[in-house]
Amino acid sequence: MAKQYETVIGLEVHVELATKTKIFCSCSTEFGGTPNTHTCPVCTGMPGALPVLNRQVVEYAAAIGLAANCEITRVCKFDRKNYFYPDNPQNYQISQLYLPIAKNGYVEIDAGGTKKKIRIHEMHMEEDAGKLIHDEWDDTTLVDYNRSGVPLVEIVSEPDMHSSDEVTAYLEKLRTIIQYLGASDCKLQEGSMRVDVNLSVRETGMKEYRTRTEMKNLNSFKAIARAIEGERTRQIELLEAGKKVVQETRRWDDNKEASYAMRSKEDAKDYRYFPEPDLVPIVISEEWLERIRERQPQMRDEKIKRYKKEFDIPQYDAEIITSSRHMADIFEETSAICKKPKKVSNWLMVETMRLLKEYGMEPEEISFSPKNLAKLIQLTESGIINNSVAKAVFEKIFTDDVEPDRYVEEHKLGNVSDEGELLKVLQKVIAENPQAVVDYKGGKEKALGALVGQTMKAMKGKADPGMVHKKLRELL
Amino acid sequence: MDITSMTAAELGERIKNRELSAVEAVKAYLVQIDRLESDVHSFVTVDQEGALKRAREIQKKIDKEQLFGPLAGVPVAVKDNLCTKGMLTTCSSGMLENFSPAFTAEAVKKLENAGAVIIGKTNMDEFAMGSTTETSYFGVTRNPWNLKHVPGGSSGGSCAAVAAEECAFALGSDTGGSIRQPSSFCGVTGIKPTYGTVSRYGLIAYGSSLDQIGPVARDVTDCAVILEVIASHDPKDSTSMQRETYDFTSALVDDVKGMRIGIPQDYFTEGLDKEVERHIQHAAKVLEEKGAIVEEFDLSLVKYAIPAYYVIASAEAGSNLSRFDGVKYGYRTPEYEGLHSMYKKSRSEGFGAEVKRRIMLGSFVLSSGYYDAYYLKALKTKALIKQAFDKAFQKYDIILAPAAPTTAPKLGASLNDPLKMYLGDIYTVSVNLAGLPGISIPVGTDSKGLPVGMQIIGSCFDEVKLLRAAYAYEQTKIYERPNLVKKGQGEERALMEGGRENGKAV
């Protein structure tokens, strides 16, 4: 019988922090500026320039550490990681090795219905490098230092994951936590979240770890899942063939669904880490830590529990709404104004999700204000507009954040409240549709629907369908 | 009026009183530079036109009474590892031969704001690595007291320029003695302040945890005046400290009664030149006669200071100098194939031998497997040395020592034996390791006619005591000038039009 293998996976996750300025200078962190415009002597490594730590980086990093149940290192330090590469203007990266800001944490994931803890070994702060642009035409390489000095945290997990599903669950969990903290948008495609996968396989039941490889260049959750499957298969094939897995860094090519070796342990660099002498140790006082703790928002898991309990929102809906803190905030603020959480939930779950999909947007990009959605709900609840009008108005709210009452008034979309006018129209519809009337009286309930439809059409949609229904019955 | 023989404070006072103008002062120094530079070679760059232009601007401000500080209109020379916007800053290295910074170092900016006129950039050991100013890519600087001897280093150009009266004062930097030792060799006064007193922003780093900028001048008063101008808490330098006070001139009182002075016995051992020893002992006696309580004691750990210093300084230097790679600025080899070849050739050709030696040493002590044995041990030694000084300062107000074991050696005598050159730093490096302030003041000349310097070491942020002792000693002595600058009748030459910048060769 063929041997059974277990995959062992640990992750190194780099996250770009959402600070306005860089980690060691006051240059903008904005993505996509003209090359080398967000630069200064510090982030281009000019002689004589010195780094000054951005305290917001420490706050974000400590907040992530706390949310991931880590111990916060109360006196932490930066170290220099020395290596030569043109994207790194000083030829050393300011990072943390000896005293990282957080360690020994965990996050809980849902792995196929069972809860599981993924331990976090440590988390450290560091600066990002610039970007190299290879000009094939000219056979030259250009450097853009706009990204140089953008703050990063690297989150290093223990090898606690065993499948791509667990990896995805872990990454989604980290992403949600970090997004909830407002510490990063965590976009894999744009590189604000970068994942390196350390993977080895071993025979099921084996205690020791076998040699692992490190996989880089993973730009989507799908690519990560494919790379894990690919690397697992590659390593098992090597073992089955009696060959050894070489400890090396590999680069995943998602188009070819294959990886190739970048460098092996033999030519691994000696980074000659040592304490960064240009920066003083960071002392995180009890008061500072307490302030960070107080500012921590309610996290997704607690929100789901609370929505179910307080608002009677189903689990599935609560999960969707809380998948983005922004959406959860909209839900909570709108509910607080209109006091109809279930209605709010419906608007988010159905129409909002539909429009997000239609426009290819992320929940983070929702730009309407809770007060306008609340007003729309009030307008429908009080029968001033009907549901189909409400849907049309909501589209305007979604795209332009219009004020619904003003919009309804300006476009004369309110229901006709004059009963006399409605009666006139109803009588006309009955007179013009004798067959439907006969059918209805003959017991065909459906025929009534047709009459309602005709009435709504004649009223240009500005009637309350429930009211039309009721009046028709009375008349017939 | 012999402008160039005045101290900076005297000159500043005369300018303030309209007895002479900033332009006249600059012109007088340019004449002196023109007269002596071919012999001494203190400068890498003399900015004649720029200096005259700045002097005119400053004189306008003085006339409008917008500038009235003690250094307004006073010409200064700046060590060439301090960035000066738009003015070449070479670190005396081929690597930065054509490097013109985009910003000015904070300490230099402080001087500019005070109205001092920068007349040029002084020669130094390449990237401040060396004790003789012989490792400069632009050629050696000679000691104004005897042109066959070195001026010391690495701030040899600054100290020689002050001794040769080519500037009223100068800025130097001191990582392991680079202000104090050349001050001693050139018979001038130089102070290395407590680590964190002067902003390092814009100082091209050698050993970041040890580097401090400080003044080199004719006397103790000048040093105190200049220090008051350049010392600051700078948010751009995380290691700069907010001091309780920036008042150094009120320390200038001729009174050492009851001051407790410790002399480390373990400094007075084999290797210390007998004549130097005699001068230091004599100076101690002078202070004792003025009422100080002088006592010998054991500092301990003396022999560990040099190895600890060279491990730490080289480790930091190796990393600090990695940015000089030919990619962004500085020297790039003309021919290369690919990135690695560009790095290798640019750095091999751009750096001199001593710099490469220290980069290799620094890389070695940080390499995996050696870190604990060398770098970490050196850090522990540094902490123990600091403790030893702390203990001494519980008992003594200041510590008195030689600045260097000998007077200035002959040109060429040190380079062939780097280890011997390193041992010459024995009395200065521990002060940097402990972050303490130290001053070197002239106490006489030896039988060869070369100056001897005495070092006074204070405890952290206690420059005041050190300045007071130095000032009190200085009152007993007349400032000695090298024969070179003693101008005979009619010897003075007129200012030559155009001046000149120093070439590479000497």
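**Cores, contacts and local geometry of a predicted model**

Leaving aside neighbours within four places in sequence, Val74(B) is in contact with Ala8(B), Leu11(B), Gly12(B), Ile15(B), Ala25(B), Ala116(B), Val117(B) and Ala168(B). The model is predicted. Val74(B) also belongs to the largest nonpolar core, which has 225 residues. The residues with the most contacts inside this core are Ala61(A), Ile64(A), Val74(B), Val76(B), Val117(B) and Val162(B). Helix 9 of chain B, residues 302–320, gives the core its largest share, 10 residues. In soluble globular proteins, nonpolar side chains tend to be buried together.

Chains A and B also touch each other. The contact takes 24 residues from chain A and 32 residues from chain B. On the side of chain A that touches chain B, 14 residues are nonpolar, six are polar and four are charged.

The overall form of chain A was examined next. Its secondary structure comes to 15 helices and 16 strands. The radius of gyration of chain A is 30 Å, whereas the globule rule gives 23 Å for 476 residues. The value is well over the rule, so chain A is more spread out than a compact globule. Along the principal axes, the C-alpha atoms of chain A fill a box of roughly 90 × 65 × 55 Å. Of the 476 residues of chain A, 38% count as buried.

Chain A is divided into three parts: domain 1 (5–288), domain 2 (298–410) and domain 3 (419–475). Taken over C-alpha atoms, the centres of domain 2 of chain A and domain 3 of chain A are separated by 32 Å. The contact between them takes four residues from domain 2 of chain A and four residues from domain 3 of chain A. On the domain 2 side of chain A, the residues touching domain 3 of chain A are one nonpolar and three polar, with no charged residues.

A hairpin is found in chain A. Strand 8 of chain A (residues 131–135) and strand 9 of chain A (residues 140–144) run antiparallel and are joined by five bridges. Asp135(A) has Thr140(A) in strand 9 of chain A as its bridge partner. Four residues lie between the strands of this hairpin, and Asp139(A) there takes a positive phi near 55 degrees.

Other backbone exceptions were also found. Most residues other than glycine have a negative phi, and most peptide bonds are trans. Asn69(A) is not a glycine, yet has a positive phi of about 60 degrees. Its place is in the loop between helix 1 (55–67) and strand 2 (71–72) of chain A. Asn69(A) has 15 C-beta neighbours inside 10 Å and so counts as partly exposed. In chain B, phi of Ser92(B) is positive, near 50 degrees. Ser92(B) is placed in the loop between strand 2 (75–79) and helix 4 (106–113) of chain B. Ser92(B) is buried, because 33 other C-beta atoms lie within 10 Å. A cis peptide bond joins Gly153(B) and Ser154(B), with omega about 10 degrees. Ser154(B) is found in the loop between strand 3 (117–122) and helix 5 (156–163) of chain B.

Conventions
Residues numbered from 1 in each chain as written. Chains lettered and ligands numbered in written order. Predicted model: local features only at pLDDT ≥ 70, side-chain atom pairs only at ≥ 80, totals over all residues. Domains from an automatic or database assignment. Contact = placed C-beta atoms within 7 Å. Nonpolar A, V, L, I, M, F, W, Y, C, P; charged D, E, K, R; others polar. Helix = DSSP H or I, 4+ residues; strand = E, 2+ residues; numbered from the N terminus. Rg over C-alpha atoms; globule rule 2.2 N^0.38 Å. Buried ≥ 20, exposed ≤ 12 C-beta atoms within 10 Å, placed from the backbone. Pairing = 2+ DSSP bridges. Core = buried A, V, L, I, M, F, W, Y, C linked by C-beta atoms within 7 Å.
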